[in-house]
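Please report on a few selected sites in this protein.

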Amino acid sequence: DNNKKKIIKKHKKEKEKAKMRNGYWVIRTYKAGRVVEKTKYWVAGEKPTRSKRKMKSDIKKQQHNGICAVRELARLLNANFKKGDILLGLDYSDAGYEKITRTADGTDGERELLLYRAAERELKLFIRRVSRACRERGIAFKYIAVTSDLDGETGEAVRAHHHLVVNAEALSVCREKWALGGVHSDPLTGQADYTPIAEYLLRQVRHIENARKYVSSRNLERPIPEDRIAKNGAELRTPAGSTLVQRSEYRPDLPQYIRFIVAEKKSEGGGADV
């Protein structure tokens, strides 16, 4: 019996090795502003020759049906917002909070979710009001918005509130159209990578199965990945002049991830072209 088990185990190992030999490495690249992300995957199966469809399908499976929400949100921020745009906070006064609690009747767990849903509805109505007013005034309105009811540091429940990142031109309209409480605004700094803001926003959003953690305007640029087949599984490198931000630990035969900031281009006048 022991010999039989050893033979079966050995056969399984050989089968796995053969499977790994039959495959190819793929590098997926995202560019968002000056931030570049590269992920290298091993994809089992025959290397595609005529169509990229199979390669993209295989990569999707390797990514376990989705991209990390923080990375996805950071790409949107990096591609669409810049220094001077606004991190906006909307909170509820006692009267405003009372308004959203009127429909939230149930057990403690149910009540928390109903309150959260009611706050989400108020956010949608607010976005509609701002969008309408901006169109009437010929102002562009770009936004990414979340509804929060958690403390970002402790994870404890707090009163529902909202965070948005909006273009600077829309700030005055946003202030005008929120009537349920206070409005707090901070300008974005000139950092190239807004991943810390993405982390800050999503830490405060409750997990709801199959629900998106944020909403965004349709006029945002959405970075599209570029895929290419790599020669081998060598470690990913950063180009000369770039600044490394994050790198996963390199282990042969395992997926790699790297994020870096490319150098600023110099304008003809010798200044930095951000």
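## Basis

This is a predicted model.

## A positive patch

Five residues form a patch of positive charge on the surface: Arg121, Lys124, Arg128, Arg132 and Arg135. Lys124 belongs to helix H5, which spans residues 108-137.

Is Lys124 buried or exposed? Its relative accessible area is 53%. Exposed means over 50%, so Lys124 counts as exposed.

## Leu236, a buried loop residue

Leu236 sits in a loop. The relative accessibility of Leu236 is 6%. The cut-off for buried is under 20%, so Leu236 is buried.

Which residues does Leu236 touch, leaving aside neighbours within four places in sequence? The contacts are Ile27, Lys38, Thr39, Lys40, Arg247, Gln256 and Ile258. Lys38 is 198 residues from Leu236 in sequence. In space, their C-alpha atoms are 7.9 Å apart.

Thr39 is one of the contacts of Leu236. Thr39 lies in strand E2, residues 35-44. With a relative accessible area of 14%, Thr39 is buried.

Neighbours within four places aside, Thr39 contacts Val26, Ile27, Arg28, Leu236, Gln256 and Tyr257. Ile27 and Gln256 are in contact with Thr39, and Leu236 also touches Ile27 and Gln256.

Key. Residues numbered from 1 in each chain as written. Predicted model: local features only at pLDDT ≥ 70, side-chain atom pairs only at ≥ 80, totals over all residues. Heavy atoms only, no water. Patch = residues over 30% accessible without salt bridge, like charges linked within 9 Å, V, L, I, M, F, W, Y side chains within 5 Å. Areas by Shrake-Rupley, 256 points an atom, 1.4 Å probe, with all protein chains shown as cover. Salt bridge = Lys/Arg side-chain N within 4 Å of Asp/Glu carboxyl O. Lys, Arg positive; Asp, Glu negative; His and termini not counted. Charge placed at Lys NZ, Arg CZ, Asp CG, Glu CD. Helix = DSSP H or I, 4+ residues; strand = E, 2+ residues; numbered from the N terminus. Buried < 20%, exposed > 50% of the residue type's maximum accessible area, 1.4 Å probe, protein only. Contact = heavy atoms within 4.5 Å.
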